[in-house]
Amino acid sequence: MTTPFILTVSNRKGGTGKSTTSVNLAAEWAARGTRTLVVDLDTQGHAGLGLGIAPPKGSPAAHDMFRHPTFELLSAVTATSWPSLSCVPADPLFDGTDACRDVSILARQLRRIEVAAAFDVIILDTPPSLDFVLTNAMAAADGVLIPLLPHILAAEGVKQLSRLFFRIATSANPGLKMLGLLPVMVNARVNHHREVISGVTRQFGAERMLRGIRSDISLAEAFAAGQPVRSYAPKSRGAMDYHLLAEEIPRLWRRPLPLPSSQSRASA
Ligand SMILES: Nc1ncnc2c1ncn2[C@@H]1O[C@H](COP(=O)(O)OP(=O)(O)OP(=O)(O)O)[C@@H](O)[C@H]1O
Ligand SMILES: [Mg+2]
């Protein structure tokens, strides 16, 4: 049994396309047969909403792991309407009071043998705040994907996240890789967008820059409809760009997209 690949989608700035990227990347990989889990670590609960999930109040949620030492993540896994695509929803009422702030709680949950047997890829949608939840995500992940807006302040959010990355990669999680920077909501005809992207490329290196996601209202509409864009508007620019991103990332982490082994397929 191989361990699932764990990707955290993070940026210290808010509104940079983290939830949109988590949902649509997950839907692309699930559509290829990869058993994909989205863990919604942001109490705003946007990843769950984007996947059309509205669990009843009080159901098990991702944030329960920070409250109860005996909590089991699998108890909160919720199926979506799309095959191979599941979500652990967020708890919108979680405020961190009385939470256990150990940096390795999520890592321990995700490395459990039952979780490893159930999923090939796990995507962590993270909050923009620099708190113990984001630190847990960085400590649990194999790779970090940073969506960023082509805006003058883009480099600042990335720098702040990079500092956290180096802190975690030199302590709790030495295997952590910076997978790439993903410009989102890009309009190539806008000079300012091109200038910001070249500036960030110079600062962080061309090998870390992904092709990016163009600005497309279909992505916002799909999200509001609780659907991945590949279902809501399969011919849209957004659907095309997330399709290409889903091909690009496995090339960056230099391993093929994990698929269920024949053994787990047979026993499913
Ligand atoms: N490529 C895009 N084109 C147009 N709109 C987009 C695109 N990507 C995301 N959006 C919209 O931008 C807004 C912010 O996106 P999203 O919620 O994914 O960001 P976020 O980083 O998760 O935000 P937060 O920090 O609040 O969690 C949403 O309304 C979303 O629908
Ligand atoms: Mg979000």
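Which helix gives the largest share of the shell around ligand 1? Here are a few notes on that and on the fold around it, bearing in mind that this is a predicted model.

1. The answer is helix 8, with 4 residues in the shell around ligand 1. Two elements give two or more residues to that shell: helix 1 (18-31) and helix 8 (217-224).

2. If you are looking at the ligand site, there are 21 residues around ligand 1, and those that come nearest are Gly14, Lys18, Ser19, Thr20 and Ala220. Sorted by class, the shell has 10 polar, 8 nonpolar and 3 charged residues.

3. Helix 1 also meets helix 10 (residues 237-252): their axes come within 9 Å and cross at roughly 70 degrees. Angles of 65 to 115 degrees count as roughly perpendicular, so helix 1 is roughly perpendicular to helix 10. The crossing of these two helices is right-handed.

4. On the side of helix 1, that contact is made by Asn24, Leu25, Glu28 and Trp29, while helix 10 brings Tyr242, His243, Leu245 and Ala246. The residues of this contact of helix 1 with helix 10 divide into 5 nonpolar, 2 polar and 1 charged.

5. Turning to the strands, you will find an open sheet of 7 strands with mixed pairing, in the order 3-4-2-5-1-6-7. Its edges are strand 3 (78-79) and strand 7 (177-183), each of which pairs on one side only.

6. Within the sheet, strand 1 (residues 5-9) and strand 6 (residues 143-148) run parallel and are joined by 3 bridges. A handy place to look is Thr8, which stands opposite Val144 in strand 6.

Note on methods:
Residues are numbered from 1 along each chain as its sequence is written. Chains are lettered from A and ligands numbered from 1 in the order in which they are written. This is a predicted model: local features need pLDDT of at least 70, side-chain atom pairs count only at pLDDT 80 or more; totals for chains, interfaces and linings use all residues. A residue is near a molecule or strand if its C-beta atom, placed from the backbone, lies within 6 Å of it. Ala, Val, Leu, Ile, Met, Phe, Trp, Tyr, Cys and Pro count as nonpolar, Asp, Glu, Lys and Arg as charged, and the others, Gly among them, as polar. Axes are lines fitted to C-alpha atoms, for helices over the stretch in contact, and angles run from 0 to 180 degrees between N-to-C directions. Angles under 35 degrees count as roughly parallel, over 145 as roughly antiparallel, 65 to 115 as roughly perpendicular and the rest as oblique. A crossing is left-handed if the near helix is turned anticlockwise from the far one by less than a right angle, and right-handed if clockwise. Two residues are in contact if their C-beta atoms, placed from the backbone, lie within 7 Å. Two strands pair if DSSP finds at least two bridges between them.
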